[in-house]
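Thanks for sending this one over. Here are a few notes to read alongside the model.

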Amino acid sequence: MRSIPVAATLPLSLLSLFPTVLGAPSESLSDARSREVLAGDLLRRATPNSPSGGYAPATVDCPSEKPTIRDAATLSPSETAWLKKRRVNTLDPMMAFFKLANISDFDAANYVQSNSNNLSIVPNVGIAVSGGGYRALLNGAGFIAAADARTPGSTDAGGIGNLLQASTYLAGLSGGGWLVGSIFANNFSTIPELRDGEDGSSLWKFGDSIIKGPDESGLSILNTAQYWYDIADQVDEKRKAGYGISITDYWGRALSYQLINDRDGGPSYTFSSIADADNFANADTPMPILVADERHPGESIISLNSTVYEFNPWEMGSFDPTVFGFAPMKYVGSNFSNGVVPDNGKCVRGFDQYGYVMGTSSSLFNQILIQAGGADLPDVILDPITSILESVGKDEDDIAEWRPNPFFKYHPDTNGNANTELLTLIDGGEDLQNIPLHPLIQPIRAVDVIFAVDSSADTEHNFPNGTALRASYERSRGDIGNGTKFPAVPDAETFINLGLNQKPTFFGCDTSEFTDNDKDANIPPLIVYVPLTPYSAYSNASTFDPTYPDADRNAFIENGYNVATMGNGTVDAQWPACAACAVLSRSLERTGTDIPETCRSCFQRYCWNGTMDSTPVGEYNPEPILGLTALGAGVSMKAGGLVWGVVGAATVLAIAL
Ligand SMILES: *[C@@H]1O[C@H](CO)[C@@H](O)[C@H](O)[C@H]1NC(C)=O
Ligand SMILES: *[C@@H]1O[C@H](CO)[C@@H](O)[C@H](O)[C@H]1NC(C)=O
Ligand SMILES: *[C@@H]1O[C@H](CO)[C@@H](O)[C@H](O)[C@H]1NC(C)=O
Ligand SMILES: *[C@@H]1O[C@H](CO)[C@@H](O)[C@H](O)[C@H]1NC(C)=O
Ligand SMILES: *[C@@H]1O[C@H](CO)[C@@H](O)[C@H](O)[C@H]1NC(C)=O
Ligand SMILES: *[C@@H]1O[C@H](CO)[C@@H](O)[C@H](O)[C@H]1NC(C)=O
Ligand SMILES: *[C@@H]1O[C@H](CO)[C@@H](O)[C@H](O)[C@H]1NC(C)=O
Ligand SMILES: *[C@@H]1O[C@H](CO)[C@@H](O)[C@H](O)[C@H]1NC(C)=O
Ligand SMILES: *[C@@H]1O[C@H](CO)[C@@H](O)[C@H](O)[C@H]1NC(C)=O
Ligand SMILES: CC(=O)N[C@H]1CO[C@H](CO)[C@@H](O)[C@@H]1O
């Protein structure tokens, strides 16, 4: 792991010497030490830059150019400027990815090199990581580890290393949003770094349930009650500053202790601070995007017509024809009305608190606090949660309050929430679009290929069956789709019967599906569907399973790595070449380049060609494709119970024989 310049630890030591002078909470010597440890190797990328210094937003003077809401017809000037750098920075990693892929009858690296003066030709890559709680975080982490050239082994034969470095966008939703959020909150650390953490840090220690809280000795937290007292205090600061509180505030705080490697889960980190971090600002990383859905006042049903919001380092808002606008992330919390802050009005910063954004995207998990935790929670937290529940009612326990609504009076003809001062946001997967494809299929982003990592629990045993893709397909066909297109996908039975959920499957290979004889029609990205399937471990844990001992965590990540690489090419040695062909597909078509024979053969094997098999399926019980590894066999028997244990042991035995 990386070392940190000595100077960077100084302010923390100073703080601990003069706590009262500097207004910092008093802390013991061991706290001060733990801070230095925390500031150590897994460095921070987002920064604790909330003007309040804590969890609460604060009123500030508006900048000379007052923030405004803009319409969604274009990309933001910030994104446009950043893309100019990012697209160039993806060239070298993309060439490295292609070289490793070894498409033997086509020099893909040279193709990129010779077109590098015209970036609209070069493939534009997105990665989308689905929701599904910790299961999704861990399976998604396996994919990211495999795609990240910094992961040891990822650029060996059979690997897909450099795909992450070649990507423009990295979107996450709910549990996938915890993954993306955690990566960016911790200086774009690698998955092995996040997984292994460091002494005194509660980062990725999922064996300690979020209800119980971390028990690492290096932290100031000594016990569960103190953990919740601290969280209650943080949330109270926001309440006292005059902001509405929802259960998501408590949830987001608790999450942050596991996902943000700083004291007390980094209460003053903001999502917009990502934009100021060197690596991101220099376009050395992809652009992170989190997704949430909107709920109309008094409505508890979420339909595919619900407006989908995205959060990125500069903005939050929606491309949907309802809101069709974006607010500056840094100044969300200001009293916008019809897109502007009133003449005499002040601005607000710090509302875009980092954990609150992750909590909003995963608000369904408020349930963990309400149900699983209920009995175990101390009164300091139960009382406020109970009173919130009494005021909002059972149907609304999964909401995140965004008050003031940045889109108040904005686009009143189409925006159903234009007249409410409260914008109600909920878990991005509640409309069944559990993969955050929405931001990446916007024609204006011109993405060519999306690696869609799906860890949804669709089947009885928590495996995906294509539901998320079907939702995105259907939505693209309604008015709400607003010009987006999506490849056709078959029913759940076909996914299972044809094994489309047991190996990577490409959708939208044949673009005649989109053009209808119109040569100039916009063509959506090719979808590379990467479903969770057991390779070396049964990582199909229940979505609401709150604890993962280190051994399970590591086995689930390893399984995700094997899913991403098809067992490092052991299941199909050509898989890296086929993944590369998927990346190239749209570009080759744009330039009228003949499809190399290797790619033709890949497409034959990996593209869904329209065949259906809707025969009813019984129980879907996939076997581990590689047989359980030592790590996989060690997975503790939880919801799977005895059956899981017996299956595991039997498989191990079979391999041993
Ligand atoms: C973030 O990591 C990079 C290495 O990728 C390092 O150079 C930089 O100093 C780190 N930044 C911070 C703020 O720790
Ligand atoms: C690339 O693929 C070809 C044909 O599949 C094979 O003969 C060759 O050894 C491979 N090269 C490398 C470096 O793996
Ligand atoms: C870049 O490539 C696109 C797509 O092939 C083409 O339409 C455009 O004219 C090219 N631009 C330049 C400057 O060559
Ligand atoms: C925004 O409006 C609310 C209620 O109308 C008011 O209480 C609050 O002080 C205003 N905030 C700012 C920063 O002007
Ligand atoms: C597919 O998943 C949906 C939930 O997402 C479920 O309702 C349905 O029963 C599943 N169908 C099959 C055949 O697995
Ligand atoms: C969504 O809107 C479309 C119109 O585009 C309408 O036909 C459909 O019934 C709506 N669906 C739901 C679930 O409200
Ligand atoms: C593939 O490589 C990764 C990283 O080296 C490793 O964790 C995993 O166990 C390997 N899988 C197989 C099937 O060898
Ligand atoms: C389409 O795919 C199915 C299997 O998924 C295969 O049996 C069939 O031969 C393929 N058809 C064509 C025309 O390639
Ligand atoms: C995981 O999948 C296996 C195979 O279908 C099944 O036996 C087991 O019960 C599942 N575990 C959970 C927690 O659903
Ligand atoms: C392509 C398309 O239909 N875009 C529309 C999206 O929604 C906005 C707001 O309603 C329209 O102005 C666009 O024309």
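1. I625 is partly exposed, with a relative accessible area of 35% (buried is under 20%, exposed over 50%, partly exposed in between, using a 1.4 Å probe and protein chains only). I625 sits in the loop between α21 (597-606) and α22 (630-633); helices are DSSP runs of H or I, at least four residues, numbered from the N terminus.

2. Before going on, a word on conventions: this is a predicted model, where local features need pLDDT of at least 70 and side-chain atom pairs pLDDT 80 or more, while totals for chains, interfaces and linings use all residues. Residues are numbered from 1 along each chain as written, chains are lettered from A and ligands numbered from 1 in written order, and side-chain values use heavy atoms, without hydrogens or water.

3. A side-chain N or O atom of E558 is 2.7 Å from a ligand 7 oxygen, and a polar side-chain atom of N568 is 2.4 Å from an oxygen of ligand 7. N562 places a polar side-chain atom 2.8 Å from a nitrogen of ligand 7.

4. Ligand 3 has N118, S120 and I121 around it. The N118 side chain has an N or O atom 2.4 Å from a ligand 3 oxygen, and for a polar side-chain atom of S120 the distance to an oxygen of ligand 3 is 3.4 Å.

Terms used:
Helices (H or I, at least four residues) and strands (E, at least two) are DSSP runs, numbered from the N terminus. A polar contact is a pair of N or O atoms within 3.5 Å; within protein, one must be able to donate a hydrogen and the other to accept it, and residues adjacent in sequence count only if both atoms are side-chain atoms. A residue is near a molecule or strand if one of its heavy atoms lies within 4 Å of it.
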